[in-house]
Amino acid sequence: MERSLHIQQQIPLRDEPAPTELTRRQSLKWLGALTAGLSVPLISGCDSMMISAAKLAGSWPDLNLEPISSEGYGTDPNLISPPEHPWPLTLTPAQRALVDVLVDILIPREGNHPSASEVNVTNLLDEWVSAPYPSFQSDRLEILSALVWFDEESERRFNTDFIRATPQQQLEIIDDIAYEEAELELRFAYISRVFDAVRTLVTIAYFASPEGTKEIGYQGNTPLRGDYPGPTEEAFTHLDKALADLGLSEYAYS
Amino acid sequence: MGDLIHDVVVVGSGAGGAMAAHTLTKAGKRVLMLEAGRDYDPVTETPMFKEPREAPLMGAPTPDKNFGFYDATVDGGWAVPGEPYTQGEGTEFKWWRARMLGGRTNHWGRFSLRFSEHDFKAYSRDGLGADWPFEYDEIAPWYDKTETLVGVCGTNTGLDDMPDSAPGVLQPPPKPRVPELLVAAAAKKLGITAAPMHRAVLTRPLDNRNACFYATDCLRGCSIGAAFQTTTSLLPLAKATGKLEIITDAMVKSVDTDEQGKINAVTYIDRKTNQPVTVPAPVVVLAASACESARILLNSKSNHHPEGLANSSGHVGRNLMDSTGASFGATVPALKGRPIYNEDGHTSNHLFIPWWGHETQAKGELDFARGYHFELSTGFKAPGAYFPQKLQGYGPALKQQAKLDYGSFVHFSLRGEMVPNENCYMEIDDKVEDKWGIPVPRFHWQWSQQELNQVAHGLRTAKNILETMGASVDELPSPEEAIKKGGEIIHEVGTTRMGSSAKDSVTNQYGQTWDCDNLFIMDGGVFASNPHKNCTLTIMTLAMRNASWLSEQLDKGVI
């Protein structure tokens, strides 16, 4: 049920020696804290020091945002006709343009399959960061900071903001942050986690679209007559092979 | 309201209250039901077939809708606007409420497992907690009647943790899905048996309710009546007798007594006018949920009942129990890229893992006294409602990974029995009132080593099963990290427990309070222990049995 990203709120810098790299164990634990909605008390002093050090090493922009002041949809919304615009969207045209580029790097158009921006994933992200609820406002801080980071990183490397960089230059940055190894490298440790959380959200949003749902092959949400048919013959064939490969055939359920 | 003539006033329209009202009205008794929440009609209000993308934030949980946008719960969740509760020092207890006709039955998991003689007599076996004041054999026929009326799918397994139903009672269960079959085989290799989950979901039509058509999460409620909730079953059936009157938006504040200390009325706040209303009540049945009913009793103080009603034992609010909960899951390589078919089924686990450890426990080989079961979450879920595992990269490779991983995640949810302990209880916080002017509960909670050991065992077992399935499993969390908070499994019971003595219990075996013969409790508050098997079926079974007994007493003129 944990769907909000719960990206960790910024933690102030401490006067402690900065580590230069993260151990695998620290990284995993911290990753959990960032993306699984664990609350601050579970992050040890050591972890929060790591977060501070990573922010420093990664030139993380600490934004100071005005809180969202709109209302939520309430505790008794109409579920049959959900509100199409539950609260005002807040991303600027420039921010949306950058989000369009980023989500389409994640999920580009492939043949007949649309890109993420073509199925309104940008809108979903805007709705997400504009939601008036606390955990979404935490996500807002991280995501908006990440947008600034992309522009500043592009300036640092190529003297231009991200959307004006060439596709090749854009991917040079993305390649540095899009893989698990980046989480162990101090200067990419923070952005890579925010990127990971956004990637998950974008992927879900894409596959939740009509085109994405068709592409992934989901066959449910349709009323069936009579008893539930269970697995297809093809699905059973796959299961039987899996059971055999795992040495479990003799334990098959009957 | 003073001219209304009712035989019984029932507080609450959920599992216990609706079953009590159904039983009483069928026996010809005139019932007034008071429900704190608003009127609610699943036929017109359930978002059947709605896609996650049609909801704000793809339906993600928010403080307004804690279980997601489409969850049936109205004006509720972990926080009800204007109706706070407080915590003792060091406590973080979570109290789920719904303010709607039918209460929490509109969204519950529909898991309907019988308690056994083993469960009812745990104290006799291990000396912990309390026995129930009856034998399984006395309750078994009532389980049969309840399962028949409610409609439960499942099978008789003969397993010692799952007492059989009478022949013909259970409806056929749906066929298992591929990941469940893989779990079952892996568990079997470890000597653990999987079985069809028993759920209050119709697979055959019953009364005016349709059989399941295997779509739409039951959490949203069920407009076709297949997934049991009182608003499509017991309440319409009771209303059809012409003997049931329901008042919604009636937030009960107190049960009132005359000068002799005998109960004669109930006072509620009309939420629409914010005015108190007192209705005469020859007999009162409290079924407002374990903590709400205990709160009403503790708030109903008078000269005759200085510690609150029915509290001469001092046990009202004590013995608070929830189920233990913990979750553990992993991606199973053998399930990656498997052929896709419709795995919605009845939208919950078709197979689960009942407790298998009675014998090892009897031999003293386990460091915890009570059992647990695993619920399984697997399958090709609706996109938007599932959460992909750790993704890598971007572009076509990212999409490829997400598609390959789809349907390969297997999740174990542990639900276990806790042992009641003196650190888990509720009382009234007389410094805090809700917006209706009613003093609120203050909760105290602390898991004991019993529960922590049990959860540690469960985590190790889940890991073993996953590894037997070929999954590589992350380091296990500690039980302290993994165990859910008190109240979080929403199986809170025990605050008005039944027993065989007025000294250490609040009611007798019929839910009749020892102190007041015209006051009954028919919710989970009466549980003497909290077996791991989900409380609702037993709440309904006891309510049916005990309302039948109440009706007989009224016929005899004893009450």
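In the predicted model, Asp270(B) has Gln275(B) as its bridge partner in S8(B). This pair belongs to the contact between S8(B) and strand S7, residues 263-270 of chain B. Six bridges join the two strands, which run antiparallel. S7(B) and S8(B) are part of an open sheet of three strands, in the order S6-S7-S8. The pairing in this sheet is antiparallel. Strand S6 (250-257) and strand S8 (275-280) of chain B stand at the edges. Each has a single partner strand, so one side of each is left without a neighbour in the sheet. From one strand to the next, the twist averages 25 degrees.

Another sheet of chain B is also open and has three strands, ordered S3-S15-S14. Here the pairing is mixed. Its edge strands are strand S3 (86-87) and strand S14 (425-433) of chain B, and each pairs on one side only. S3(B) pairs with strand S15, residues 439-444 of chain B, in the parallel sense. Two bridges make up this pairing. Gln87(B) has Phe443(B) as its bridge partner in S15(B). Strands of a sheet pair through backbone hydrogen bonds, in either the parallel or the antiparallel sense.

The interface between the two chains was examined next. In chain A, 81 residues are in contact with 88 residues of chain B. The area buried between chain A and chain B is about 7400 Å². Carbon and sulfur atoms give 65% of that area. Polar interactions cross the interface as well. Between chain A and chain B there are 29 residue pairs in polar contact, with both residues at pLDDT 80 or more. Seven salt bridges are found across the interface of chain A and chain B. In one salt bridge, the side chains of Asp227(A) and Arg204(B) meet at 2.8 Å, N to O.

Several helices of chain A each supply at least two residues of the side that touches chain B. Among them are helix H1 (24-35), helix H5 (134-158), helix H7 (186-208) and helix H9 (233-245). H7(A) gives the most to this side of chain A, with eleven residues. By residue class, the side of chain A that touches chain B divides into 49 nonpolar, 18 polar and 14 charged residues.

Notes:
Residues numbered from 1 in each chain as written. Chains lettered and ligands numbered in written order. Predicted model: local features only at pLDDT ≥ 70, side-chain atom pairs only at ≥ 80, totals over all residues. Heavy atoms only, no water. Pairing = 2+ DSSP bridges. Helix = DSSP H or I, 4+ residues; strand = E, 2+ residues; numbered from the N terminus. Contact = heavy atoms within 4.5 Å. Buried area = accessible area lost by both parts, 1.4 Å probe. Salt bridge = Lys/Arg side-chain N within 4 Å of Asp/Glu carboxyl O. Polar contact = N/O pair within 3.5 Å; in protein donor to acceptor, adjacent residues only side chain to side chain. Nonpolar A, V, L, I, M, F, W, Y, C, P; charged D, E, K, R; others polar. Axes fitted to C-alpha atoms, helices over the stretch in contact; angles between N-to-C directions.
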